Amino acid sequence: CSSFVNTVEIVDCFFESKKASKALIVVSENNSLYNDTSNKISFFLWGDGAAAVIITDSRYSDNDFEILDVNSRGLGHIGKNTDAVYLQPVNGKLKMPAGNDVFQQACKYILYETEYILKKNNIPINQWAYFIPHHANKRITDYVANELISSINKYELLGNTGSASTPIVLSQNQINMKKGDIIVIPVFGGGYSSGSILLKKC
């Protein structure tokens, strides 16, 4: 679920090292193929989705977003980590035996990643406009938004389409965004991992 942010950070490293100037990122989830519908606890959480994003090291069009910052981190040392939610394509299916731990850690780290990237870039709470978190579930989104005590625009129309969720929502709502708007995209994924992207509408 954090793969999109992880990949943006890798692209940033290639740009910084001058090894590339353009990148195409494709994120795709086919969760229904592996979903265990007999698991009444979590089968309804998973959705399918895909998105493609082109990133360049210079301005491309009048509709660009500028990537102000990107951050990702591995969290394999916390909570139930790799046992909490996992996919075993050959010998098993998509399972989440420790949903309570996933919920607690997702609430904590989506909030942390949001506050971290804003503070790092000296952006006060009242100066950013859009909050597009990974859509694990609405309760997590609502919890983080309430903790931030902000009148941000938060989008939560999609189910859990994994790594594709945030670029899908960004694409669907970019028409509403105005020049200069600041967008925060925090994510949390199984394993565990987390990260965030800070964007500015050009």
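Arginine 73 and glutamate 113 join their side chains in a salt bridge, at 2.6 Å from N to O. Arginine 73 sits in strand E3 and glutamate 113 in helix H2, so this pair links parts that are 40 residues apart in sequence. A salt bridge here is a side-chain nitrogen of Lys or Arg within 4 Å of a carboxyl oxygen of Asp or Glu. Helices (H or I, at least four residues) and strands (E, at least two) are DSSP runs, numbered from the N terminus.

Before going on, a word about the model. It is a predicted one, where local features need pLDDT of at least 70 and side-chain atom pairs count only at pLDDT 80 or more, while totals for chains, interfaces and linings use all residues. Residues are numbered from 1 along each chain as its sequence is written, and side-chain values use heavy atoms, with hydrogens and water left out.

**Salt bridges**

How many salt bridges does the structure hold? There are three. Here they are together:

| Pair | N to O distance |
|---|---|
| Arginine 73 and glutamate 113 | 2.6 Å |
| Aspartate 69 and lysine 120 | 3.2 Å |
| Arginine 59 and aspartate 64 | 3.7 Å |

Aspartate 69 belongs to strand E3 (residues 65-74) and lysine 120 to helix H2, so that pair ties together parts 51 residues apart in sequence.

Arginine 59 is exposed at 52%, whereas aspartate 64 is buried at 14%. Aspartate 69 is buried at 11%, and lysine 120 is partly exposed at 46%. Arginine 73 is partly exposed at 23%, while glutamate 113 is buried at 0%.

**Two helices side by side**

Helix H2 (residues 99-120) also packs with helix H3 (residues 138-148), at an angle of about 45 degrees and with the axes 9 Å apart. Those axes are lines fitted to C-alpha atoms, for helices over the stretch in contact, and angles run from 0 to 180 degrees between N-to-C directions. H2 and H3 are therefore oblique to each other; angles under 35 degrees count as roughly parallel, over 145 as roughly antiparallel, 65 to 115 as roughly perpendicular and the rest as oblique.

Which residues make the contact? H2 brings Phe103, Ala106, Cys107, Ile110, Leu111, Thr114 and Glu115, and H3 brings Arg139, Ile140, Tyr143, Val144, Glu147 and Leu148. Contact means heavy atoms within 4.5 Å.

**Around helix H4**

Seven of the nine residues of H4 are buried, so this helix is largely enclosed by the rest of the structure. The buried ones are Ser165, Thr166, Pro167, Ile168, Val169, Leu170 and Asn173. They pack against several elements, including helix H1 (3-16), strand E1 (22-30) and strand E2 (48-56).

Threonine 161 is in the loop between strand E7 (153-154) and helix H4 (165-173). Threonine 161 is buried, at 7% relative accessible area. Beyond neighbours within four places in sequence, threonine 161 contacts Glu29, Asn31, Gly47, Asp48, Gly49 and Ile168.

**Leucine 24**

Strand E1 holds leucine 24, which is exposed, with a relative accessible area of 59%. Not counting residues up to four places away in sequence, leucine 24 touches Ala52, Val53 and Ile54.

Note on methods. Buried means under 20% relative accessible area, exposed over 50%, partly exposed in between (1.4 Å probe, protein chains only).
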